[in-house]
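Welcome! Here is a short tour for anyone meeting this structure for the first time. Have a look around, then read on.

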Amino acid sequence: MADLSLYRNIGIFAHVDAGKTTTTERILKLTGKIHKTGEVHDGESTTDFMEQEAERGITIQSAAVTCEWNKHRLNVIDTPGHVDFTVEVYRSLKVLDGGIGVFCGSGGVEPQSETNWRYANESEVSRIIFVNKLDRMGADFYRVVEQVKKVLGATPLVMTLPIGIEDDFVGVVDVLTKKAYIWDESGLPENYEITDVPADMVDKVNEYHEMLIETAVEQDDDLMMAYMDGEEPSLEDIKRCIRKGTRDLAFFPTFCGSAFKNKGVQLVLDAVVDYLPSPTEVDPQPLTDEEGNETGEHAIVSADEPLRALAFKIMDDRFGALTFVRIYSGKLKKGDTILNSATGKTERVGRMVEMQADERNELNSAQAGDIIAIVGMKNVQTGHTLCDPNNPCTLEAMVFPEPVISIAVAPKDKGSTEKMGIAIGKMVAEDPSFRVETDEDSGETILKGMGELHLDIKVDILKRTYGVELEVGKPQVAYRETITQQVEDSYTHKKQSGGSGQFGKIDYRIKPGEQNSGFTFTSTVVGGNVPKEFFPAIEKGFKSMMQEGVLAGYPVLDVEVELFDGGFHAVDSSAVAFEIAAKGAFRQSIPKAAPQLLEPVMKVDVFTPEDHVGDVIGDLNRRRGMIKDQEAGVTGVRVKADVPLSEMFGYIGHLRTMTSGRGQFSMEFSHYAPCPANVAEDVMAEAKARKEAK
């Protein structure tokens with residue numbers, strides 16, 4: 001039996017380009033997993049093994065790697081930083097016990113790191129902070145520490161201080177032990193010496209040492225009282241307090257260095273072992289019922305409990321489908337039969353592997369705390385619970401955002417249609433935020449995703465990985481429709497043509513619902529004018545019509561239907577008759593209820609150098625943006641705005657032109673808002689033209 005206290009399941013997450021993947025590479029090098037270090041900018045890193053990742057220098061899929069440090073087993077997941085792939089970060093955080101937040105020494109706390117930090121807070125994941133790239137121009141460790149306090153509202157516990165900065169960055173001082181780690185010019189991570197603190201830093205180190213002790217002992221009342229009486233706590237006691245505070249999210253131990261130059265990464269690895277929790281120290285995952293409500297039971301992390309595991313990622317590669325699984329409790333052996341509680345079907349475990357990015361080591365068994373991949377699972381999707389068939393249970397499921405943008409694609413030659421279908425099927429299983437639909441009228445395949453880059457990468461994967469040449473239509477926005485007025489109406493469905501007829505009469509009110517309420521149905525019928533057994537059929541009839549609105553055929557949001565009276569026939573009334581009546585009623589009444597077109601509005605976060613702020617704000621205003629906030633930093637200004645998605649196509653190109661290539665932005669879906677009349681007219685005209693063309 002493996003000792004779970006020696007396990008650390010950690011993720012590395014940050015803004016795009018803060019150096020997550022390079023940090024992962026250095027961890028693998030230091031732990032002896034790889035001998036030649038690959039660089040991201042050369043497209044040779046271990047975890048970025050997709051062609052698209054190597055080319056663009058960004059991480060798209062989260063990759064899992066296992067390594068060892070100080071007799072501890074580390075399962076490391078390198079996550080993407082780009083906003084279109086936040087779903088990858090989100091689902092990785094669900095299965096991790098701790099994380100390393102990497103921030104760029106010059107860029108600081110950037111938009112995407114804020115989103116990822118928020119996700120980590122929601123998932124209650126303990127973290128340590130690594131301020132990277134201190135060898136870069138404009139790097140400033142102390143400024144980044146201030147940003148962590150201000151922008152993230154977090155408490156950084158400074159554990160190391162930089163010696164020198166930019167080109168003169170040579171090493172770090174460990175604030176706890178007051179020792180300096182200085183690396184030589186060879187660039188090798190193991191070539192460093194431990195010396196006394198440089199004379200010009202002694203006062204600063206003493207000041208930070210005192211702050212560290214004061215913050216740490218707050219975790220233990222007895223130690224705090226002793227410290228206030230002038231008693232210096234032991235190193236063991238301080239480390240125990242830091243570990244407790246880190247686990248309770250009271251503060252975040254903060255380290256600095258340069259992963260690219262191999263400086264400071266050992267201390268981060270030591271901190272992972274010393275301060276981040278093992279699987280048994282994290283609050284156990286709650287179990288839920290079929291509706292997703294918590295049952296009050298938890299998946300206790302122990303190898304002696306029944307098997308409970310969560311499939312958090314599906315990946316297809318040259319060896320077949322891989323299902324990444326985090327085992328919360330119990331054991332799993334090759335040849336075991338396990339139950340997928342989401343589908344109710346059992347599957348046999350054929351091969352299990354431990355992942356080394358895209359290499360794998362065969363396993364015969366795994367246990368609570370492990371993150372492994374199972375080869376060849378048939379019907380498992382992201383978020384499904386795998387468990388012991390004699391002890392069925394459901395772990396808290398993952399919730400994924402709705403896509404906001406779509407494109408139509410068609411294979412260039414007829415022979416590729418089947419190939420495209422199989423490839424898209426695999427890709428949908430891998431990425432829950434990527435959806436596909438077939439337009440019934442035109443037969444077109446519609447791909448839906450979280451942003452332009454997201455879909456761009458998907459098309460690229462189809463072309464290169466699966467060899468399907470595509471014709472791609474222009475991006476379409478996922479509009480919605482709703483109503484703005486209440487209507488009271490009546491509808492009768494009557495059909496008499498030999499044999500038994502059909503009859504259903506309903507009197508109803510249709511009115512606008514609360515925002516994000518979807519569809520709600522209530523009945524206030526008294527006296528049995530419409531028998532109760534027909535209510536579900538009436539609700540089903542109305543609900544089925546919500547898929548297609550009357551203005552431009554987009555799904556309808558936030559409608560309340562109240563059934564208050566009606567009539568039935570003892571012989572001719574049936575569930576089908578009332579369902580048809582409800583469908584007819586919807587068609588009849590929605591046009592009377594002042595329908596309105598809604599458009600998706602995005603939360604946009606733009607970073608721009610100071611001298612271009614005016615241009616950026618003017619441009620956002622022209623795009624019908626509402627400026628929400630403006631925040632001046634040292635390296636530039638962040639502008640936050642709400643902007644309709646339809647106005648954001650191709651924005652990155654405009655932003656780069658306006659800011660001489662220095663601007664950056666991220667956006668995520670915020671809410672739906674009414675379309676202005678001129679935009680609504682264009683959308684409706686386009687929808688009409690599409691219909692006529694068919």
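Two residues are in contact when they have heavy atoms within 4.5 Å of each other. With that in mind, residues 24 or more positions apart account for 71% of the protein's contacts with a separation of 6 or more. Please note that this is a predicted model. The protein has 694 residues, of which 54% count as buried, and its secondary structure comes to 16 helices and 38 strands.

**Nonpolar cores**

- In soluble globular proteins, nonpolar side chains tend to be buried together.
- Here, the largest nonpolar core has 67 residues, and Ile-100 and Ile-242 are those with the most contacts inside it.
- Helix α9 (residues 265-275) gives this core its largest share, eight residues.
- Beyond its neighbours within four places in sequence, Ile-100 touches a set of residues that includes Ile-10, Ile-12, Phe-13, Ile-128, Phe-130, Val-268 and Val-272.
- Another core, of 46 residues, lies apart from the largest one; Val-409, Leu-462, Val-468 and Ile-617 are among its members.

**Strand β4, covered on both faces**

- Strand β4 (residues 98-104) is largely enclosed by the rest of the structure, because seven of its seven residues are buried.
- In a regular strand the side chains alternate between the two faces of the sheet.
- One side of β4 carries Gly-98, Ile-100, Val-102 and Cys-104, the other carries Gly-99, Gly-101 and Phe-103, and all of these are buried.
- Seven bridges link β4 to strand β5 (residues 126-132) in the parallel sense, with Gly-101 opposite Ile-129 of β5.

**Helix α7, with two sides**

- Which residues of helix α7 (residues 221-228) are buried? They are Leu-223, Ala-226 and Tyr-227.
- These three cover an arc of only 100 degrees around the axis, so they sit on the same side of α7.
- The other side of α7 has Asp-221, Met-225 and Met-228, which are exposed.
- The partners that the buried residues of α7 pack against are α6 (202-217) and α8 (235-247).

- Strands of a sheet pair through backbone hydrogen bonds, either parallel or antiparallel.
- β31 runs antiparallel to β32 (residues 502-512), and nine bridges join them; Glu-488 stands opposite Arg-509 in β32.

**Cysteines**

- A disulfide is a covalent bond between the sulfur atoms of two cysteines.
- How many disulfides does the structure hold? The count is zero.
- Cys-387 is in no disulfide, and the nearest cysteine sulfur, that of Cys-393, is 4.5 Å away; a disulfide needs the two sulfur atoms within 2.5 Å.
- Is Cys-387 buried or exposed? Cys-387 counts as buried because its relative accessibility is 0%, where the cut-off for buried is under 20%.
- Cys-241 is likewise buried, with a relative accessible area of 1%.

Technical notes: Residues are numbered from 1 along each chain as its sequence is written. This is a predicted model: local features need pLDDT of at least 70, side-chain atom pairs count only at pLDDT 80 or more; totals for chains, interfaces and linings use all residues. Side-chain values use heavy atoms; hydrogens and water are left out. Buried means under 20% relative accessible area, exposed over 50%, partly exposed in between (1.4 Å probe, protein chains only). Two strands pair if DSSP finds at least two bridges between them. Helices (H or I, at least four residues) and strands (E, at least two) are DSSP runs, numbered from the N terminus. A nonpolar core is a set of buried Ala, Val, Leu, Ile, Met, Phe, Trp, Tyr and Cys residues joined through side-chain atoms within 4.5 Å. The arc is that of the directions from the helix axis to the C-beta atoms.
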